[in-house]
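Hi,

Here is the structure I promised to pass on. Have a look at it first, and my notes follow below.

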Amino acid sequence: MKYLCLAYGDKSKMQALSREELIAIREKCEPYDAELNRTESLVFHEGLSWDVATIRPRNGTVFVTDGPFVELKEQIGGVFVIEAADLNEAIRIASLHPAAHLGEDLGWGIEVRPIEAFNP
Amino acid sequence: MIEGTTETGGAGEPFPAVNGAAVPNARQAREAADAVYRTDSRHILATLIRLLGDFDLAEEALSEAFTAAMQKWPRDGVPSNPRAWLVSAGRFKAIDALRRRARFDASVARLAQELEQKGGGEMALPEGSLGPAATDAVEDDRLRLIFACCHPALPPDAQVALTLREVCGLTTEEIARAYLATASSLAQRIVRAKARIREARIPYEVPPLDELPKRLDAVLRVIYLVFNEGYSATSGAWVTRQALSEEAIRMGRLLVELLPEPEAMGLLALMVLHESRRAARTTPEGEIVLLSDQDRSRWDRSLIREGVTLVEQALASRRFGPYCLQAAIAALHAEAPSAEQTDWEQIVGLYDVLARMEPSPVIDLNRAVAVAMRNGPAAGLVLVEEILARGVLFDYQFAHSVLADLCRRVGRKDEARAAYERALALTRQEPEQRFLRRRLAELG
């Protein structure tokens with residue numbers, strides 16, 4: 001089964017960091033990312049820009065706004081997909097991600113969601 | 001590839017392939033690895049958990065070991081002892097991972113250090129361990145794991161979930177379906193239980209003799225809970241429920257094989273005797289068939305033989321307890337040609353012993369049913385009314401359906417109707433509800 005993992009972080013706190021601070025954080029993240037990336041079960045893993053556009057149906061037309069779908073302090077800053085036997089295995093693998101270890105003060109955390117066809 | 005083992009002076013090749021073994025093609029090697037995975041992965045995991053002292057690290061090591069097998073076996077041949085090869089490969093992989101991570105993650109540093117200190121002696125499997133001794137050691141690891149998962153420091157519901165996942169290998173999602181819980185809440189329970197085992201330093205061992213009876217009780221309780229959830233499930237999909245009973249019986253057999261304590265035998269006997277009736281206890285449409293109405297030719301004779309033999313062995317030990325007695329009762333039912341020709345005298349006697357050993361209103365109720373069979377419904381009814389008057393079984397559905405049945409049989413129709421209605425209000429299981437509605441309709 002596949003699991004979608006969404007890493008959330010505090011967007012404004014992240015944007016307030018200086019270039020040097022960001023580089024320092026990235027260096028700390030690297031070994032964690034490397035551990036995650038060497039896992040055979042990892043299907044896909046990318047970081048995201050904070051620059052977001054949102055599309056909605058509105059009065060029968062496609063309506064576009066800038067900004068995220070839900071305006072929250074924490075936004076999705078990283079996304080990865082894991083192939084795992086069950087949710088606990090997915091959680092174990094996702095726990096390798098830097099957001100599970102670093103950046104507590106920057107509001108980071110990971111949501112793990114089973115990818116499941118909608119079968120009513 | 002087992003990376004890192006050469007740099008640290010490890011053997012590199014944990015177990016060399018047998019000299020002269022034919023190098024199989026990729027497909028054959030993959031099939032061999034798949035076959036080992038199916039039959040042995042739970043055993044290998046149990047050994048890795050003991051060696052590494054950490055569930056997650058062991059699970060990761062197991063998966064890496066199989067990846068390594070897929071890469072190496074096609075090239076070098078399938079090792080003569082695949083299980084030992086995989087344990088060894090998993091251990092090397094885990095130590096490598098810990099060494100890498102300890103450099104940047106303080107939280108794994110302690111574990112890494114402990115593993116280093118353990119060194120080769122305790123960690124290594126004997127070279128070329130192919131004989132029955134090695135197999136025993138691995139089986140013992142499963143037993144150690146059961147005791148760790150059923151440790152009293154863990155909350156009871158976590159014990160069940162952890163045992164099902166770690167010992168039986170059910171997925172979080174399967175356990176969630178069987179217990180009508182969400183996978184996420186179960187996953188959390190399992191993660192917390194594992195953390196608790198780590199923090200409380202719960203050992204992976206079969207408890208010493210002085211602790212054994214109490215600790216064994218906890219293990220038997222978890223196994224019986226798993227069985228009952230599969231046998232008379234309050235909820236959940238049928239297929240998963242059957243799997244639960246099968247897993248419970250498998251664990252029961254393992255326990256009896258490695259730790260032939262009378263109560264372990266008693267529990268296994270009880271489970272296989274119940275299981276022997278599975279095919280007869282519901283109609284193809286899923287309707288309940290009472291014990292007295294079951295087609296006894298559909299009972300599984302080989303399970304009954306196994307159960308009866310176990311009961312006899314356990315009783316002969318003279319150290320039997322409640323599981324043995326319940327199994328003895330089940331054996332009398334299993335050996336009777338019909339409900340009428342059942343040895344109710346002896347069943348009542350066994351309930352007497354059971355009630356003295358473990359006083360419980362539910363046992364009293366079961367005894368009352370047996371008395372009703374031995375001496376007639378009026379005699380049973382007096383006892384059931386007395387038990388209900390104590391108040392503790394007021395919300396117990398079965399107490400009201402027993403009362404209803406006995407009232408019906410002595411012709412007290414109004415009381416029977418009221419009791420069936422109370423039982424119906426208390427039951428959530430659909431087949432039970434249909435059964436009670438049928439009985440109500442028959443009352444007219």
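**What I found**

Chain B has a mean pLDDT of 86, with 88% of its residues at 70 or more. Keep in mind that this is a predicted model. For the complex, the predictor gives an ipTM of 0.89 and a pTM of 0.80.

Two stretches of chain B need some care. Over residues 1-20 of chain B, pLDDT stays under 50, and the model has 29 contacts beyond four places in sequence for them. Residues 120-135 of chain B also stay under 50, with 13 such contacts. Where pLDDT is low, the predicted coordinates should not be read in detail.

Now the contact between the chains. On the chain B side, 16 residues are in contact with 11 residues of chain A. The elements of chain B that give two or more residues to this side are α2 (55-76), α7 (172-178) and α8 (183-199). Of these, α8(B) provides the largest share, 5 residues. By class, the chain B side divides into 5 nonpolar, 4 polar and 7 charged residues.

There is also a helix pair to look at within chain B. Helix α15 (residues 361-375) of chain B packs against helix α16 (residues 377-389) of chain B at an angle of about 165 degrees, and their axes are 6 Å apart. That angle is over 145 degrees, so α15(B) is roughly antiparallel to α16(B). The crossing of α15(B) and α16(B) is right-handed. Residues that meet there include L365(B), A368(B) and V369(B) from α15(B), and L383(B), V384(B) and I387(B) from α16(B). Their contact has 11 nonpolar, 2 polar and 1 charged residues.

Cheers

Note on methods
Residues numbered from 1 in each chain as written. Chains lettered and ligands numbered in written order. Predicted model: local features only at pLDDT ≥ 70, side-chain atom pairs only at ≥ 80, totals over all residues. Axes fitted to C-alpha atoms, helices over the stretch in contact; angles between N-to-C directions. Helix = DSSP H or I, 4+ residues; strand = E, 2+ residues; numbered from the N terminus. Parallel < 35°, antiparallel > 145°, perpendicular 65-115°, else oblique. Left-handed = near helix turned anticlockwise from the far one by under 90°. Contact = placed C-beta atoms within 7 Å. Nonpolar A, V, L, I, M, F, W, Y, C, P; charged D, E, K, R; others polar. pLDDT = per-residue confidence, 0-100.
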